[in-house]
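Here is a short report on one protein chain. Look at the fold as a whole before turning to single residues.

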Amino acid sequence: MRKLFLTLFYSGLSPKAPGTVGSFVALILGLLLIQYIHETTLFLLAFLITAIAIKEIDKYEKEVGEHDSKEIVIDELAGMWIALSICGINEENFYIMGALAFIFFRVFDIWKPSIIGKIDKTVKGGWGVMGDDIIAGIAGGISATAVYTLLDKFLF
């Protein structure tokens, strides 16, 4: 069960780009959920999953002896859902905002600028695995909002 959870239904076992595959699975699940629940509920679910994941990652890392294994992608789910929940997604901008949130979350998660990289390098255990993605989700959601606002003002 732990592996199913941490690999986000085994999407983290993808031989190529497991983080991107996991993020895409998280995007699809988030977009499905957001049609039935409020964005704040998705935000709270991301933090509930984070709390559970921190404990489970700590156990998993002790078992396998490796920090932040590439197959662990539950952190992508938390970050992606945070980005979706704060970007201002609605029926009118559903697809473009979903795409922007995904792109910006992945950019920040891969690039790891500033505090995101510092957390990734210095914080160990479950907090380290989840922490950088939480901040990348916040940065991704804010960036998606900013870009959509500019697009809406000048192009739409």
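## Basis

Contact means heavy atoms within 4.5 Å. This is a predicted model, in which local features need pLDDT of at least 70, side-chain atom pairs count only at pLDDT 80 or more, and totals for chains, interfaces and linings use all residues. Residues are numbered from 1 along each chain as its sequence is written, and side-chain values use heavy atoms, with hydrogens and water left out.

## Overall fold

The protein chain has seven helices and zero strands. Helices (H or I, at least four residues) and strands (E, at least two) are DSSP runs, numbered from the N terminus. Among contacts between residues at least 6 apart in sequence, 76% join residues at least 24 apart.

The C-alpha atoms fill a box of roughly 50 × 35 × 30 Å along the principal axes. Of the 156 residues, 48% count as buried. Buried means under 20% relative accessible area, exposed over 50%, and partly exposed in between (1.4 Å probe, protein chains only).

## Thr7, a buried loop residue

Thr7 sits in the loop between helix H1 (2-6) and helix H2 (18-34). Thr7 has 1% relative accessibility, so it counts as buried. Leaving aside neighbours within four places in sequence, Thr7 contacts Gly12, Leu13, Glu71 and Val73. A polar atom of the Thr7 side chain lies 2.5 Å from the backbone oxygen of Lys3.

## Phe154, an exposed helix residue

Phe154 belongs to helix H7 (residues 125-154). With a relative accessible area of 62%, Phe154 is exposed.

Notes. Polar contact = N/O pair within 3.5 Å; in protein donor to acceptor, adjacent residues only side chain to side chain.
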